[in-house]
Amino acid sequence: MAQTIRTTCPYCGVGCGVLATLQADSTVKIAGDPEHPANRGRLCSKGSALGETLSLSGRLLHPEIGGRQSGWDEALDLVASTFRKTIAEHGPEAVAIYGSGQLLTEDYYVANKLMKGFIGSANIDTNSRLCMASSVAGHKRAFGSDTVPGNYEDLELADLIVLVGSNLSWCHPVLYQRIIAAKATRPSMKVVLVDPRRTTTADQADLHIAIRPDGDTALFVGLLRSLAERGALDPEFIAASTNGFGAALDIARDWTPDRVSEATGISIRDLAVFYDLFAAKPRTVTVFSQGVNQSATGTDKVNAIINCHLATGRIGLPGMGPFSVTGQPNAMGGREVGGLANMLAAHMDFDPVSVDRVRRFWRAANIAEKPGLKAVELFKAVADGRIRALWIMATNPVDSMPEADAVRAAIRACPFVVVSDMNATTDTAVEAHVRLPAAGWGEKNGTVTNSERRISRQRPFLPMPGETRPDWWIVTEVARRMGYGDAFPYASASEIFAEHVALSGFENAGTRDFDLSGLTGVGYDDLQPVQWPVRARGTARMFVNGRFFTPDGRARFVPVLPPPPIVTPPGMLVLNTGRVRDHWHTMTRTGKVARLSAHLAEPFAEIHPDDAASLGIRHASLVLLENSRGQVLVRALVTSRQQQGSVFVPMHWSGQFSGAARIDVLLGDQVDPHSGQPALKMGSVSASPALARRYGFSISRHRPMLDGAEYWATAECAGGWRTEFAFINEAAEPEDWIKTAFAAHGAGETLHLKDTAAGRLSMAGFTGSRLHYAAFLAPDPVLVSRQWAVELLGQDIAPASRADLLAGRPGSDRPDAGPMICACFGIGANQIAASVRAGCHSVDAIGSALKAGTNCGSCRPEIRRLIEDAVSVPTS
Ligand code: SF4
């Protein structure tokens, strides 16, 4: 009988429990774990599709040196000897590790211990620096510790939820669904969204505040003033549990509604509605994520929010508190072990007492005594030769770091680069001198911590393929070869976790927030999802007693001054980057899943209609974004949901999936001065129409050769690939180009349909009646239904239907489902529109008719939008 394994989703910081069952046909059935407190059986579209990410295509299965397969011993010896030699010749600051929120806590722990404890440098940083470092800095300034106070259940207990810079419906879908479910049972509960864009999260919000980019600090400083004016402060809490209120209020007094309105672009009326709501609803949770953190003033934004919660005593109690939600599955675990360059270990810093404590615990004579280089500084040190040996673990900085082309150049110039990763062909892995094959999700064993401080197990249910090994094993083997074997005796992840638990409690006695002592001796294999602080019973909420981890036990108000408004040079737009619903990071996993790619199959730029009109950019044409750092070419998505003066581009498309859409190429090195977090939502670009001479769309069983097309974006689909392409400077004869692009499909029968006067060409290749590829070229964006065409791939096409195929015209026997909306059940926009016309005027009615939106629920906001666009009746 098939065995079901309890594990945890490897995507976002919600940390949903997953049930994985290996089926007789070797596929893996995925379901939400009904007993996991984070999701209670729910999964979003990404989590639901995890079973489809487990193929070995693209996996790195053997160690490689200089592109040739090697044995583990040879590769590990080379890494250890090169790091030792570099340290001997240039000092410990000449080596670095760049890790990832995808690592498990045990992996992170040994990497941090090796670097800070034994190499003697703190040059270990992580892609979590890009995600939530400003929240860490803000927490520490206010609380004296990096502590997330609340729990997910607070989102259901609150009377007011304020979402700041957070597209929760796409980026943390299960939390969003928990809120919506709670709101349905308690209509008095209100949701306010603060976001420059009208995202799908706005659809269920009672108030959407379309704030100017970076206006958040002014909004919350103004809120502090309004709370004082409205008599909504908690003087007892302020007096008993805080310091610095007077200084914070002194700044706030100057931020009248008029001034806040001017700084934020929010109307006086909307400000009053928001401020009234906040004053009237003691049970308030303020959720914030990347829209707050990824800013040059992210830490101040965090403290402006926390100040309002401290001033009203709304912290440490049910249904209230500031709540940072993390992007990655184990960003919190990385913080716990000290995976950031400015943290030592177990939430301890580089103060002399902590350094001495960790030195004694690790028996590490050579421990680092000062912070290392944060991500942006770290890659600059690679670029200028200060760092000469770099180990990148489970991340893709060539695409995800700002100044991405400069980062790639730095990695190329670095004398020695090691990449340990699941994937062989990321834009970073292909640059490495040594590639070490890491085990992936479903194969690894360890723990992760989610945004509410809940530690869950990731358990293996598949054998490790090829010669892959867990990251902790790889680091441990290198540490031993560097001569530190006594400190790295580990034979299993459980031994590392036990040491991590012991360090958290070492000389703690309640003086530090992070203490897992309650897990001492608890069986690792059977470890149930558990929050810290670990309590035998009751709720693991923090700051319940109004005491904080500052020297005097009082929280600190941080007087923050709103920054001047962002001023873009004439003709430039503010560049905002972020995520889409169905993709994750640089698509190394979700890019394998056809139904996830079907939702948004190519990179795009959301631009306001007025900006588009003034710049001559048409919807669905190509738009060139550029600045002094480079150029990006993406599809124009003209929408009034975007704010005028700004442009949004998703961060997912790497060089593996697109010709010129690595958006981080255009972002600069501006960072928050306190956290070192890059301002990934504050770029500056010009936008102009990219006049393509010819546009193309194809479906094909093999990935096409796209040389010569200046624009292309390709995605896996059922049975092959769907590809968009365009030619700016058409050099090749179209027919010749198509023959070359699809040459891998063999020399079967090829059909043409050519309209020379209109400049249209269609070609399709068959073997017998089986369709291998079809390509459509036109002087305008190709209008062929993508979903219809994809469904034809690999099918038998009767001779009588081939003319319809070449004309791009769905036959009556194959209705066009339209763009994919529900990834779980493969329901397209045209099917939903037809159901609306047939009388389904609510999301639930659509669900009953088509099942759309009834599984993970991630598409429900989009279904609601389609209904609202089609009819003018209220929806539910
Ligand atoms: S919300 Fe989705 S992506 Fe995030 S942990 Fe849950 S299933 Fe995974």
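How many strands form the open sheet, and in what order do they stand? In this predicted model, five strands make up the sheet, arranged in the order β10-β9-β8-β12-β13, and their pairing is parallel.

- From one strand to the next, the twist averages 15°.
- Strand β8 (residues 160-164) and strand β9 (residues 190-194) run parallel and are joined by five bridges, and V162 stands opposite V192 in β9.

**A helix on the sheet**

- Helix α12 (residues 268-280) packs on the sheet, where it touches β8, β9, β10 and β12 (284-288), and the direction of α12 makes about 120° with that of β10.

**Two crossing helices**

- Helix α4 (residues 133-143) and helix α14 (residues 298-311) have axes that come within 8 Å and cross at roughly 45°, and the two helices are therefore oblique to each other.
- The crossing of α4 and α14 is right-handed.
- On the α4 side, the contact involves S134, S135, A137, G138, H139, R141, A142 and F143, which meet G298, T299, D300, V302, N303 and I306 in α14.
- Sorted by class, the contact of α4 with α14 has five nonpolar, seven polar and two charged residues.

Notes
Residues numbered from 1 in each chain as written. Predicted model: local features only at pLDDT ≥ 70, side-chain atom pairs only at ≥ 80, totals over all residues. Heavy atoms only, no water. Axes fitted to C-alpha atoms, helices over the stretch in contact; angles between N-to-C directions. Helix = DSSP H or I, 4+ residues; strand = E, 2+ residues; numbered from the N terminus. Parallel < 35°, antiparallel > 145°, perpendicular 65-115°, else oblique. Left-handed = near helix turned anticlockwise from the far one by under 90°. Contact = heavy atoms within 4.5 Å. Nonpolar A, V, L, I, M, F, W, Y, C, P; charged D, E, K, R; others polar. Pairing = 2+ DSSP bridges.
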